[in-house]
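Open the model in your viewer and keep the sequence panel beside it. The tour below moves from one selection to the next.

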Amino acid sequence: MDAEMEDAETRAEIEWDGGGGGADAVLALAAGGASVSLCYHQAFGRHDDLVLLEAADDLLPDLLQGRVTIRGRPDEEAVLCTPSATYSMKFVGTSNSVFLIPPGEPSAPCLRPDNTSGDANAADAVAAAIKLAPGNIELVRTAPRLDKLRSLLRERPYTLDEDLGDGFQHKKGLYTWQDLCKLIQASDGELLDGLNTLSAVEIDGFWRTVDATSMNTILDMILHNSVLHDWPLNAVPENDVLSVMESDGFAHKIVTHCLNRFGTKVEQEGRSFWSLDEKCVCLQFARRVLGAGKMKLANFMDKWKRSVPSGMRVDLQMLEGEVLYDKLGAETWVHAFSVADLPLTPAERFAALFRERLKWEWKDLQLYIRDLRVPGVSSEGLLIKYTRRTQPSSEAEPIFTAR
């Protein structure tokens with residue numbers, strides 16, 4: 001049979017014109033038909049432009065209405081993206097013969113298995129196959145691949161000495177939304193979530209992060225003006241703070257971005273106010289203090305308390321996922337180690353964690369893996385795959401090492 005099919009393929013020099021082939025007769029089998037005869041379409045051949053795609057029912061509306069895109073560079077594995085989800089694409093071969101039969105009534109010229117011409121309307125030649133499919137593309141929900149987004153945005157962060165009014169003369173290292181859609185393997189919804197997580201802002205059409213020094217300067221000026229104008233930190237008037245900051249040379253959009261990063265907008269009596277978040281503000285000051293490197297916990301706490309705005313109180317729980325503590329003799333030392341700087345893919349995340357520490361207690365480890373989201377895989381599954389767990393006794397804290 002294989003030889004006969006190959007022979008038919010070599011003679012199939014007539015391109016299929018999309019004509020009927022008898023698929024309706026095949027579908028009728030479900031309605032009670034006992035069997036159907038099969039013949040080769042005269043255009044039977046490779047037809048490399050036809051590929052089978054296996055998709056779940058919930059994907060069909062997006063597929064049929066053209067709301068999907070294939071994303072990936074030539075050197076990357078392609079993914080299929082709906083407006084809100086990302087799917088890996090893997091070709092899966094099949095050991096069974098899968099024939100593709102065009103829709104409609106049988107009307108196209110065909111060949112019988114004995115290589116003789118046949119009438120597609122004859123009783124023994126109902127359905128005409130145009131292609132033998134070796135397999136299909138399987139779609140599996142996967143996490144968006146956003147590590148690249150972080151590296152792209154770090155190429156050229158926004159700084160206060162840039163002139164937003166004149167635009168950008170040099171676009172190297174700057175990316176529009178369309179650029180990111182081409183470069184990042186993630187759905188539009190996941191890409192936007194990634195930009196928000198990285199505190200990115202669109203400036204003159206380009207998505208960028210604001211460098212730490214500039215962000216600190218803007219926050220300091222907001223806090224300074226709050227004291228100067230007697231604005232409560234939980235009710236900073238939007239119009240007033242924007243007016244004052246703009247008169248000092250700060251761009252409206254960047255100030256608003258800073259307020260959004262460190263506070264929440266509230267409406268009161270027809271006016272807009274910003275309530276600064278104590279945890280976000282204190283954490284930003286903690287990062288400044290830890291920028292000097294590892295230090296004794298007592299020294300850090302003293303400097304941290306003295307640096308935060310009046311009325312705000314610091315708490316070590318604010319630093320979960322931001323710092324690590326090391327016990328050296330009688331002293332406890334602290335240093336910056338932020339989950340925001342770690343890779344987003346599980347394999348690379350665990351590799352980075354075990355480069356930092358060979359052994360992790362669960363109370364510390366869970367702070368650095370709780371944000372990992374892998375469709376179809378639980379946190380326990382990730383731990384089993386990437387770590388080894390030891391527990392000397394039921395009362396002891398579990399210890400995790402690299403697998």
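Two residues are in contact here when they have heavy atoms within 4.5 Å of each other. Keep in mind throughout that this is a predicted model.

**Stop 1: a residue in the core**

Select Ile222. Leaving aside residues up to four places away in sequence, Ile222 touches Val241, Met245, Val255, Cys258 and Leu259.

**Stop 2**

Ile222 is part of the largest nonpolar core, which has 43 residues. Which members touch the most other members of this core? They are Ile222, Val241, Phe300 and Trp304. Next, colour the elements that each supply at least two residues of this core: β10, α7, α8 (238–247), α9 (252–262), β14 (271–276), α10 (278–290) and α11 (297–307). The element that gives the most is α10, with 7 residues. Now colour by domain: domain 2 (146–209) and domain 3 (212–276) each give at least three residues to this core. As a general background, nonpolar side chains tend to be buried together in soluble globular proteins.

**Stop 3: a separate core**

Move on to Phe337, Leu342, Phe350 and Ile369. These four are among the 18 residues of a second, separate core.

**Stop 4**

Then select β5 (86–100) and β9 (131–142), the elements that give two or more residues to the lining. What kinds of residue make up the lining of the second largest pocket? The lining divides into 8 nonpolar, 6 polar and 4 charged residues.

**Stop 5**

Most residues other than glycine have a negative phi. The last two selections have a positive value.

Select Asp204, in the loop between β10 (201–203) and β11 (206–208). Phi of Asp204 is near 50 degrees. Is Asp204 exposed or partly exposed? Asp204 has a relative accessible area of 41%, and exposed means over 50%, so Asp204 counts as partly exposed.

Finish at Asp230, in the loop between α7 (212–228) and β12 (236–237). Phi of Asp230 is near 60 degrees. Asp230 counts as exposed because its relative accessibility is 66%, over the 50% cut-off.

Notes. Residues numbered from 1 in each chain as written. Predicted model: local features only at pLDDT ≥ 70, side-chain atom pairs only at ≥ 80, totals over all residues. Heavy atoms only, no water. Helix = DSSP H or I, 4+ residues; strand = E, 2+ residues; numbered from the N terminus. Buried < 20%, exposed > 50% of the residue type's maximum accessible area, 1.4 Å probe, protein only. Nonpolar A, V, L, I, M, F, W, Y, C, P; charged D, E, K, R; others polar. Core = buried A, V, L, I, M, F, W, Y, C linked by side-chain atoms within 4.5 Å. Domains from an automatic or database assignment.
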